[in-house]
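Hi everyone, thanks for coming.

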Amino acid sequence: MKEISIHFTVNGKKVSLNVPSRKRLLDVLREDLGLTGTKEGCDVGECGACTVVMNGRAVHSCLVLAAQADGAEILTVEGLAQNGELYPLQKNFLEYGAVQCGFCIPGMLMSSYALIQENPHPGEEEIKEAIAGNLCRCTGYKQIIQAVEATVKR
Amino acid sequence: MKNFTYLQPKDLKEATTVLQKFPQESLPYAGGTDLLGLMKDGVLEPQRLVNLKTLTGLQGISYRPGKELELGALTTISEIAENQSLAEKFPLLTQAARQVASPQLRNVGTLGGNLCQRPRCWYFRGDFPCLRKGGDICYAVDGENKFHCVIGGRPCYIVHPSDMAVALLAYNATVEIQSPQKSRRVNLKDFFVLPQDDYLHENILRPGEIVTRIRVPESAPGTKALFLKVKEREVWDFATVSLAMVLVTSGKQITAARVALGGVAPVPWLEETVSRSLPGFTLGKDAPEALAGQVLKAAEPLEQNAYKVILARNLFKQALEELAKS
Ligand SMILES: Cc1cc2nc3c(=O)[nH]c(=O)nc-3n(C[C@@H](O)[C@@H](O)[C@H](O)COP(=O)(O)OP(=O)(O)OC[C@H]3O[C@@H](n4cnc5c(N)ncnc54)[C@H](O)[C@@H]3O)c2cc1C
Ligand code: FES
Ligand code: FES
């Protein structure tokens with residue numbers, strides 16, 4: 001019983017796996033499924049680099065056990081682009097120069113994505129709140145907020 | 001992090017029975033946002049995690065006018081922050097929930113876990129054999145104690161980290177606790193324990209007991225409430241000091257009050273003297289200075305944290321001023 005079996009959906013694909021109980025969602029995504037777009041920063045819920053969307057909500061995959069994702073729908077940064085075309089948020093991150101080293105970007109994108117799904121026309125304060133759990137050491141956040149604003153403009 | 005057995009009990013009885021049978025080795029697991037951090041740091045090494053999330057009946061918010069508010073222990077902090085009837089009827093809970101951690105953590109963290117989370121003291125979380133971990137001394141006494149408690153500390157100077165507990169204490173909430181044998185209900189105030197009574201635990205839960213529900217009495221007509229939290233930085237952080245104030249008023253006259261503080265004691269701290277002194281006070285007319293001096297009157301700050309007493313008194317004045325305008 002120190003192994004658990006999990007069945008869940010990742011980026012629209014059904015996945016079944018047996019993994020050691022101590023594995024977190026982050027470990028399974030990166031090590032077992034090769035989805036290395038999701039980054040590991042602080043490991044303790046402070047930086048947001050590991051953010052993925054679980055059942056429509058942004059979560060830290062470093063603080064979610066793989067077992068907790070059993071039955072869930074997970075979306076990672078790899079699942080944003082469709083048919084080879086970048087998702088509008090991604091295009092705007094490029095357009096507005098919201099990316100420097102890029103380490104925080106998968107998490108920023110997933111937090112912003114979860115926000116837009118719930119609230120298609122958020123204001124600046126709501127955008128800031130949505131990315132409050134995501135740390136960026138490079139951009140100063142301004143361009144990131146502009147990129148999200150451009151995406152949600154009516 | 002060490003491996004463990006992840007148990008999925010089918011009901012409350014099975015969950016509490018396992019927890020009782022393996023007292024040192026098993027722990028309840030809700031959102032995991034606190035527990036996983038402790039396990040990663042090797043502070044706790046449970047051999048069994050008992051997943052509560054799939055148990056039925058412990059989720060959700062139920063409120064009918066004229067009745068108590070009922071919050072299932074597995075309700076997430078986000079659900080509380082976003083619930084419309086809470087915002088109207090129990091605004092302290094909304095205000096506190098919105099200031100807990102970050103969106104990602106609120107989406108996963110539960111109310112039960114929030115009340116039962118372990119202290120954030122860096123000696124407790126770090127590589128120190130401190131009193132609370134079964135060692136001999138509290139390193140905060142002569143160490144880095146800027147964020148430690150100013151009252152109720154002896155012999156261990158943690159602060160209780162929960163924001164929700166401070167708001168719930170001001171609302172005079174009760175906690176329902178379930179063991180394999182029975183269910184009991186206690187006032188939130190009696191749920192938490194001071195180190196002088198038990199420095200190894202933060203609450204009265206015994207092995208095999210879990211929190212199932214939190215209940216909040218309906219507010220009297222004329223109730224005004226405010227939750228204020230000071231943190232070292234604007235975005236998410238634990239409280240350096242927080243304050244929850246509930247006033248029952250008739251016009252501008254206060255007829256009853258409950259003031260609770262966070263970040264100052266090893267338990268969410270009820271300011272009993274000040275709560276008793278407030279009735280008779282007229283909002284917007286009487287000066288809060290004299291009463292503010294009573295806040296944390298018996299405090300015994302450590303070397304680096306006397307600022308918390310000033311902060312608490314200023315928050316008290318700010319709350320009275322803001323509630324006078326509402
Ligand atoms: C970076 C960071 C920032 C944070 N900031 C804040 C903050 O600002 N304010 C704040 O209040 N908190 C904060 N937290 C703490 C956060 O973990 C809690 O707010 C969260 O609600 C805990 O819930 P959980 O379900 O994840 O608990 P878990 O991690 O699942 O459990 C915590 C503890 O409670 C026990 N437990 C859980 N449920 C029950 C139950 N029903 N009955 C009995 N025991 C139970 C577990 O065994 C464990 O010991 C922060 C945490 C992190 C990592
Ligand atoms: S790696 Fe998960 S929050 Fe930093
Ligand atoms: S772009 Fe470097 S951390 Fe954000």
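The largest nonpolar core here has 150 residues, and those with the most contacts inside it are B:Leu92, B:Ala167, B:Ala170, B:Leu243 and B:Val264. By nonpolar core I mean a set of buried Ala, Val, Leu, Ile, Met, Phe, Trp, Tyr and Cys residues joined through C-beta atoms within 7 Å. Buried means that 20 or more other C-beta atoms lie within 10 Å of the residue's own, with exposed being 12 or fewer, partly exposed in between, and C-beta atoms placed from the backbone. Domain 1 (3-79) and domain 2 (88-152) of chain A both give residues to this core, so it lies between them. Those domain bounds come from an automatic or database domain assignment.

Before going on: this is a predicted model, where local features need pLDDT of at least 70 and side-chain atom pairs count only at pLDDT 80 or more, while totals for chains, interfaces and linings use all residues. Residues are numbered from 1 along each chain as its sequence is written, and chains are lettered from A and ligands numbered from 1 in the order in which they are written.

What does B:Ala167 touch? Leaving out residues up to four places away in sequence, its contacts are B:Leu92, B:Leu93, B:Ala96, B:Phe227 and B:Ala244. A contact means C-beta atoms, placed from the backbone, within 7 Å.

Back to chain A. The C-alpha centres of its domain 1 and domain 2 lie 21 Å apart, and 14 residues of domain 1 are in contact with 13 residues of domain 2.

Now the sheet in chain B. Four strands form an open sheet in the order 9-10-11-12, with antiparallel pairing. Strands are DSSP runs of E, at least two residues, and helices are runs of H or I, at least four, numbered from the N terminus; two strands pair if DSSP finds at least two bridges between them. Strand 9 (223-230) and strand 12 (269-270) of chain B stand at the edges with a single partner strand each, so one side of each has no neighbour in the sheet. Strand 10 (residues 241-250) and strand 11 (residues 253-262) of chain B are joined by 9 bridges. One bridge pairs B:Val248 with B:Ala256.

Finally, where the chains meet, the contact takes 19 residues from chain B and 25 residues from chain A. On the chain B side, helix 6 of chain B gives the largest share, 5 residues.

Methods
Two residues are in contact if their C-beta atoms, placed from the backbone, lie within 7 Å.
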